[in-house]
Amino acid sequence: MTRPYQVLTRWWTAFALAASLAMLGAAHAFERFGGLPPCNLCLKQREVYWAAVAIAGAATFWAVFSRASRGTPRIASFLLAAVFFTGAITAGFHAGGELHWWALPATCSAAPSTAIDFSALNALADGTAEIKPVVGCGDVSWSMLGVSMAGWNFLISLALGIFSLLAAKRPKDARAPKV
């Protein structure tokens, strides 16, 4: 077994924490600096990474401050695998809807919300309101190499889920403390 693989699987929760924070940072950067507002399913995909941050952060914190010589707990890696595979399913559903393989739910349509704000209606009638575009989940706002953001998120979530399973099933010698 190679040394980088041992380090990766032994401290997988720290790597998963960094990857999750990077994915959240990229999503917020696309929104803030790229001018790409998220749709409903995009926000659901972010929730998965927030859950991964909570699990990986707690497990890494425990391992570092309890001086766990065996690395992070394997149960955290199993939980991360479940979270990342949930993210892959959500992103895959979103990408499939963008490709029109199936219909997306009604909450993904670009219909305005049903909440009524009278001051916003007055501003709209006066012509002083800022009109924000409503993003539908089936609209591809950005793609690279023919793959949308949801498609890339599917691939990344799937890879993180597989790495989480590898870390959870790591051999006993990778978990044993060095004497």
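Before counting anything, the ground rule: helices (H or I, at least four residues) and strands (E, at least two) are DSSP runs, numbered from the N terminus. Color by those and you'll find seven helices and two strands in the protein chain. Trace the elements from the N terminus and they go α-α-α-α-α-β-β-α-α.

A word on what you're looking at: this is a predicted model, where local features need pLDDT of at least 70 and side-chain atom pairs count only at pLDDT 80 or more, while totals for chains, interfaces and linings use all residues. Residues are numbered from 1 along each chain as its sequence is written, and side-chain values use heavy atoms, with hydrogens and water left out.

Next, select E31 and R46. Their side chains form a salt bridge at 2.9 Å, N to O (a side-chain nitrogen of Lys or Arg within 4 Å of a carboxyl oxygen of Asp or Glu). E31 sits in helix α2 (residues 12-32) and R46 in helix α3 (residues 40-65), so the pair, 15 residues apart, links distant parts of the chain.

(Buried means under 20%, exposed over 50%, partly exposed in between, with a 1.4 Å probe and protein chains only.)

Of its 179 residues, 31% count as buried.
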